[in-house]
Amino acid sequence: MNFTWDSGDVPPLAPIGVAGWLRVGIRGGAMAVLLVGGLVLLLALRGIERPIHGLHRPWTAHVPERVSRAMFRILGMRHEIEGRPMRKHGAVVANHSSWLDIFALNARKRIYFVSKSEVAGWPGIGTLARCAGTVFISRDPREARAQTELFEARLLAGHRLLFFPEGTSTDGFRVLPFRTTLFQAFYAPDLLHDVHIQPVSVIYSAPEGADPRFYGWWGDQSFGAHLLAMLSAPRHGMVEVIYHAPLTVTDYPDRKALARAAEAAVRAGFEAAFSETISPVNSETVR
């Protein structure tokens, strides 16, 4: 079952004037060159890397990191981090506010995203995601075992996987209850005693004078319209990525306890950043 969060109060996007369309052309063109160039470099390196290293990606894993940093420079958007990305064997979980999260999280840490299977078929984005090593999963319960085995293989290969346990993006001012299903993969016998989970809070600050939810992408907002809003903005705010202390899987009896601990850490990052301005969320657990 698909789940999309919707507040019912999506702010209207500002109209784009002549200057805005000029920024769209300049920024959009620069991003297109960056993405295509990064993809060509990644494919060329991967062609040499695969026969030597197999699933391991000691060279190509650096390409998305460099491309992501450049994306924020093109937008003129500050990217800051707090805490330290873990070097331990395991995975990363974070809250989900926007498609910009992909670049915010890739910019300082070599990771491989876990995404819904539909993304593989998206024009352009699907190709980039596949080439970057994204793990695609289906919501079909009948495929749960095969997906667990895929997770296990990638983790055993040393890949740090990243997924969004909320299962949907929001307005950037809340943390939804974490779904627990994917956490079960970390209890596989071959992984259990050597895997950690690092919770991460991704927090956006809107440009001065803009709606505080400027960077959020949710409900029925189209990707194209939101992308144009980002490209045409006269100025940008910032994104802060907060790395929390890694959780040791063996410290938690089951996937539900592990998911609760990860959610609590991510939520604490929001509370520290927004204090009393963060919107309350339903406390009911979504599975």
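In the predicted model, Tyr-204 touches Met-77, Ser-97, Ser-98, Leu-100, Asp-101, Ala-104, Tyr-215, Met-238, Val-239 and Phe-274, when residues up to four places away in sequence are not counted. Tyr-204 also belongs to the largest nonpolar core, which holds 36 residues, and together with Leu-105, Val-200 and Val-202 it is one of the members that touch the most other members. Two or more residues of this core come from each of α1, α2 (62-75), β2 (90-94), α3 (100-106), β6 (196-205), α6 and β7 (238-243). The greatest contribution is that of α2, with six residues. Apart from this core lies another, of 33 residues, which includes Val-114, Ala-185, Ala-261 and Ala-262. In general, nonpolar side chains tend to be buried together in soluble globular proteins.

Two helix pairs that share α1 were examined. Helices α1 and α2 pack at an angle of about 175°, their axes lying 10 Å apart; since angles over 145 degrees count as roughly antiparallel, the two helices are therefore roughly antiparallel to each other. On the α1 side the contact is made by Arg-27, Ala-30, Met-31, Leu-34, Leu-35, Gly-38, Leu-41, Leu-42 and Leu-45, and on the α2 side by Val-63, Pro-64, Val-67, Ala-70, Met-71, Ile-74 and Leu-75. By residue class, the contact of α1 with α2 comprises 14 nonpolar residues, one polar residue and one charged residue. As a general point, an α-helix has 3.6 residues a turn, so residues three or four places apart point the same way.

Helix α1 (residues 18-53) also packs with helix α6 (residues 223-232), here at an angle of about 100° and with the axes 8 Å apart. Because angles of 65 to 115 degrees count as roughly perpendicular, α1 and α6 are roughly perpendicular to each other. In this contact, Gly-20, Trp-21, Arg-23, Val-24, Arg-27, Gly-28 and Met-31 of α1 meet Leu-228, Met-230, Leu-231 and Ser-232 of α6. The residues concerned divide into six nonpolar, three polar and two charged. Arg-27 and Met-31 of α1 take part in the contact with α6, and Arg-27 and Met-31 are likewise found in the contact with α2. Within α6, the residues His-226, Ala-229, Met-230, Leu-231 and Ser-232 are buried, and the buried residues of this helix pack against α1, α2 and α3.

The segment before α1 contains Ile-16, which is partly exposed, with a relative accessible area of 26%. Ile-16 touches Trp-21, Leu-228 and Ser-232, residues up to four places away in sequence being left out of the count. Although Ile-16 and Leu-228 are 212 residues apart along the chain, their C-alpha atoms are separated by 8.6 Å. Trp-21, Leu-228 and Ser-232 are also among the residues through which α1 and α6 meet.

Aromatic pairing was considered next. The count of aromatic pairs comes to nine. Phe-163 and Phe-183 form an edge-to-face pair, with 5.3 Å from centre to centre and 70° between the planes. Because Phe-163 lies in strand β5 (residues 161-163) and Phe-183 in the loop between β5 and β6, this pair ties together parts that are 20 residues apart in sequence. Phe-163 counts as buried at 2% relative accessibility, and Phe-183 is buried with a relative accessible area of 0%. Elsewhere, Trp-99, Phe-103, Trp-217 and Phe-223 are linked into a cluster by ring pairs.

Two further residues were considered individually. Pro-177 is found in the loop between β5 and β6 and is buried, with a relative accessible area of 9%. The C-alpha atoms of Pro-177 and Ala-264 are 9.6 Å apart in space, while the two residues are 87 residues apart in sequence. Ile-137, in strand β4 (residues 135-137), has a relative accessible area of 14% and is buried, because the cut-off for burial is under 20%. Ile-137 touches Val-114, Ser-115, Lys-116, Ser-117, Gln-147, Phe-151 and Leu-182, again without counting residues up to four places away in sequence; among these, Val-114 is a member of the core of 33 residues. The C-alpha atoms of Ile-137 and Thr-148, which are 11 residues apart along the chain, are separated by 9.7 Å.

Notes: Residues numbered from 1 in each chain as written. Predicted model: local features only at pLDDT ≥ 70, side-chain atom pairs only at ≥ 80, totals over all residues. Heavy atoms only, no water. Axes fitted to C-alpha atoms, helices over the stretch in contact; angles between N-to-C directions. Helix = DSSP H or I, 4+ residues; strand = E, 2+ residues; numbered from the N terminus. Parallel < 35°, antiparallel > 145°, perpendicular 65-115°, else oblique. Contact = heavy atoms within 4.5 Å. Nonpolar A, V, L, I, M, F, W, Y, C, P; charged D, E, K, R; others polar. Core = buried A, V, L, I, M, F, W, Y, C linked by side-chain atoms within 4.5 Å. Buried < 20%, exposed > 50% of the residue type's maximum accessible area, 1.4 Å probe, protein only. Phe/Tyr/Trp six-rings, centres within 6.5 Å; stacked < 30°, edge-to-face > 60°.
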